[in-house]
Each structure stands twice: as structure tokens, then as C-alpha cells.
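Please examine the sequence and the structure shown below before reading the numbered points of this note.

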Amino acid sequence: DLQHMPLADNSFDTVLSLQVLEHVPNPKAAVSEMERVLAPGGVVIMAVPFFWYLHNEPYDYWRYTKHGLKELFTSGGFEVVFVKPLGGLFSFLHHLLFTAAVSVTHFVPLLGQVILWIGYVTGYVMIELDQLVDTKRLFPLYYIGVFRKNKSRSNETI
């Protein structure tokens with residue numbers, strides 16, 4: 001449980017959290033736990049979805065903007081190294097259409113397989129288009145971020 005980790009204070013240099021924070025009921029508690037287990041100067045490397053379909057229900061709680069992530073982590077004792085969007089308009093549209101197509105056709109064996117194949121191929125094309133036309137600031141599929149625990153913070157003061 002990311003909100004109550006049975007780990008010693010200041011025991012890690014890095015926390016890796018990939019597509020997890022949106023599933024945590026109390027993200028402030030999770031960030032507090034990350035801060036607690038990290039040694040001073042340690043880093044959190046994380047990724048969260050922004051434009052994404054509901055999944056792992058009923059445990060899909062949150063979508064974060066870059067501003068929300070920065071606020072969540074800075075108020076939790078971290079400095080922002082960076083927060084970057086991934087994806088863009090073409091990836092967003094592809095994700096939306098591909099998810100809808102798969103959800104409608106997954107139960108038809110041959111058609112479902114064809115849709116998957118088409119989706120994978122067109123996905124690469126959309127990634128290339130997003131490289132040409134940079135729209136990820138407005139249409140991010142994900143955010144990736146790195147946050148550093150403030151060296152001056154000590155868990156004894158928390």
C-alpha cells in the first residue's frame with residue numbers, strides 16, 4: 001500500500017511509480033510516504049495518465065495536470081526537477097478511437113485481432129505525427145516527472 005509502506009525512514013535513493021498514483025485514494029498520504037522512505041536528496045520518478053479511459057474500476061480515482069503534480073509534490077516536501085507531457089493531439093485521438101474500437105470488437109475473435117493490428121500500426125504513425133506537430137502541452141496522454149526530496153528536510157520534523 002503506497003499510503004502505508006512498511007519500510008524504514010530514509011532507506012531509499014529512488015522511488016519509481018509508474019501509472020500508480022491515479023489508483024491511490026489519498027495521494028497526499030502516498031507522497032508523504034514516498035518522502036518518508038527517501039533519503040535526503042532522493043528522487044521520485046513517476047508517470048501518470050491524463051487523457052485515459054476508466055480502468056481498474058472502481059480504483060481509478062484521479063487524473064493529474066502538470067500543475068496538480070507540482071503542487072502535490074512541492075507541498076509534500078519535494079522540489080520539482082521536471083514534469084513533462086507525453087503524447088499529443090494525434091496520440092490522444094488515436095487512443096480515444098482505438099480504445100472504443102477494441103471495446104466494441106474484442107469479443108469477435110478475428111475482427112478483434114484485426115483491430116488490434118491496425119491500432120498498433122496506426123499508433124506508430126500517430127506518434128510520428130505528434131513529433132511533427134507539437135501539441136502535447138494541450139493534449140497529453142501522460143505526464144512524466146522527477147521530484148527530489150529536499151535535502152534539508154528530516155523525517156523527524158514531519
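1. Lys and Arg count here as positive and Asp and Glu as negative, while His and the chain ends are not counted; each charge is placed at NZ of Lys, CZ of Arg, CG of Asp or CD of Glu. On that basis the chain has 12 positive and 14 negative side chains, and the centres of the two sets lie 7 Å apart.

2. The model is predicted, so local features need pLDDT of at least 70 and side-chain atom pairs pLDDT 80 or more, whereas totals for chains, interfaces and linings use all residues. Residues are numbered from 1 along each chain as its sequence is written, and side-chain values use heavy atoms, leaving out hydrogens and water.

3. The chain contains four helices and four strands, in the order β-α-β-α-β-α-α-β from the N terminus (helices are DSSP runs of H or I with at least four residues, strands runs of E with at least two, numbered from the N terminus).

4. Among the buried residues of α1 are Ala30, Val31 and Met34. The cover over them includes β1 (12–18), β2 (38–49) and β4 (140–149). Across the chain, buried residues make up 37% of the 158 residues.

5. Leu111 lies in helix α4 (residues 109–132) and counts as partly exposed because its relative accessibility is 40%. His106, in the loop between α3 (89–105) and α4, counts as exposed because its value is 56%.

Technical notes:
Buried < 20%, exposed > 50% of the residue type's maximum accessible area, 1.4 Å probe, protein only. Contact = heavy atoms within 4.5 Å.
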